[in-house]
Amino acid sequence: MPKDEFIKQVKRQWVLIVWSLFFFAYGILFCYAPLIGWLMGFQQYKPKDGILHSKWIGLAKFQALFSDATYIRVIRNTLAMGVINLVATTIMAILFAILLNEIKGMRKKKVVQTISYLPHFLSWIIVTGILHDALSGAGIVNELLTKFHLVSQPINFFAHEKYFWPIVAFANVWKETGWNAIIYLAAITAIDPALYEAAAIDGAGRWDKIRYVTIPGIKSTIIILLIMNVGNVLNAGFEIQYLLGNGLVQKVSQTIDIYVLKWGISQMDYSLGTAAGIFKSAVSIVLILICNEVAKRHGEERLF
């Protein structure tokens with residue numbers, strides 16, 4: 001590009017350039033610069049010595065992590081809840097978007113859509129409070145179960161390990177389904193209406209249109225979001241597990257983030273907490289690369 005043309009383009013788009021530089025600086029400052037702290041995972045870090053002068057111990061903290069039976073159990077919990085949440089929230093968001101798209105009245109659709117967004121803006125404190133009230137011995141769930149004679153006496157849902165993961169999955173679905181469905185709704189609206197008209201001419205009903213037009217039309221969006229969300233499998237959560245967990249369900253409620261808080265921060269073993277965080281980040285990157293490669297080999301949409 002000639003110099004004069006380059007200067008002309010810069011003058012025309014100077015606002016975009018300034019904002020781009022701002023976001024670039026923001027990314028460097030808050031996303032990449034903190035990675036220097038990863039050095040603590042390979043040191044016997046002491047705040048008084050700082051990162052530059054703490055003793056280098058190599059992979060000792062990682063060895064300590066994987067020799068700890070508690071951490072292995074924490075990885076299992078995090079992975080299990082992450083997978084359950086991913087599957088449940090993805091399926092429900094797709095189903096909700098398809099069902100919402102089938103509503104004919106625009107006013108009704110907007111009302112349902114707005115109501116479905118609201119839980120996303122509630123804090124986990126409020127959500128867990130609602131869950132505690134609903135699932136308590138005198139809550140509405142136990143009241144309905146006893147009223148319809150499904151159980152002889154109220155169930156203490158928070159005292160049994162087998163109920164904890166389903167409760168966490170339900171909470172994530174209830175809170176995030178409406179919000180997660182937004183991008184699927186956008187993908188559905190981008191489908192050419194002529195495809196639906198052609199399907200109707202061929203005698204397709206509502207279910208056939210969903211099966212042969214809607215779902216294939218949003219397939220690429222589903223795959224891209226799935227690849228991106230797979231990287232967050234180990235981000236199974238912190239607030240809900242921390243707030244709902246107790247001594248009775250501790251074996252299934254603790255996640256890596258809670259482990260980092262308990263042993264890395266509370267015990268002031270920052271090196272151990274950093275090592276656990278590095279492991280989580282490394283696994284997330286590997287999962288994204290694997291899923292992206294699988295999508296690539298099958299000829300599907302991919303991130304890169």
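**Exercise 1. Find which residues form one aromatic cluster in this predicted model.**

Solution. The residues that come together as one aromatic cluster are Phe66, Tyr71, Tyr259, Trp263 and Phe279. Counted over the structure by the ring-pair rule, the aromatic pairs come to 16.

**Exercise 2. Classify the pair of tryptophan 19 and phenylalanine 22 as stacked or edge-to-face.**

Solution. Begin with the distance, since ring centres must lie within 6.5 Å to pair; for tryptophan 19 and phenylalanine 22 the value is 5.6 Å centre to centre. Next take the angle, where planes over 60 degrees apart count as edge-to-face; the planes here are at 85°, and the pair is edge-to-face. Both residues belong to helix α2 (residues 14–32), where they are three residues apart, about one turn of the helix.

**Exercise 3. Work out how the rings of tyrosine 117 and tryptophan 179 are arranged, and where in the chain they lie.**

Solution. The ring centres are 6.4 Å apart and the planes stand at 80°, so this pair is edge-to-face. Tyrosine 117 lies in helix α6 (residues 106–117) and tryptophan 179 in helix α9 (residues 161–189), and the pair, 62 residues apart, thus links distant parts of the chain. Tryptophan 179 counts as partly exposed because its relative accessibility is 36%, a value between the limits of 20% and 50%.

**Exercise 4. Decide whether serine 271 is buried or exposed, and state what its side chain reaches.**

Solution. Serine 271, located in helix α16 (residues 270–297), has 0% relative accessibility and therefore counts as buried. Its side chain reaches the backbone oxygen of glutamine 43 at 2.6 Å. Beyond neighbours within four places in sequence, the contacts of serine 271 include Met40, Tyr45 and Lys61.

Definitions and conventions
Residues numbered from 1 in each chain as written. Predicted model: local features only at pLDDT ≥ 70, side-chain atom pairs only at ≥ 80, totals over all residues. Heavy atoms only, no water. Helix = DSSP H or I, 4+ residues; strand = E, 2+ residues; numbered from the N terminus. Buried < 20%, exposed > 50% of the residue type's maximum accessible area, 1.4 Å probe, protein only. Polar contact = N/O pair within 3.5 Å; in protein donor to acceptor, adjacent residues only side chain to side chain. Contact = heavy atoms within 4.5 Å. Phe/Tyr/Trp six-rings, centres within 6.5 Å; stacked < 30°, edge-to-face > 60°.
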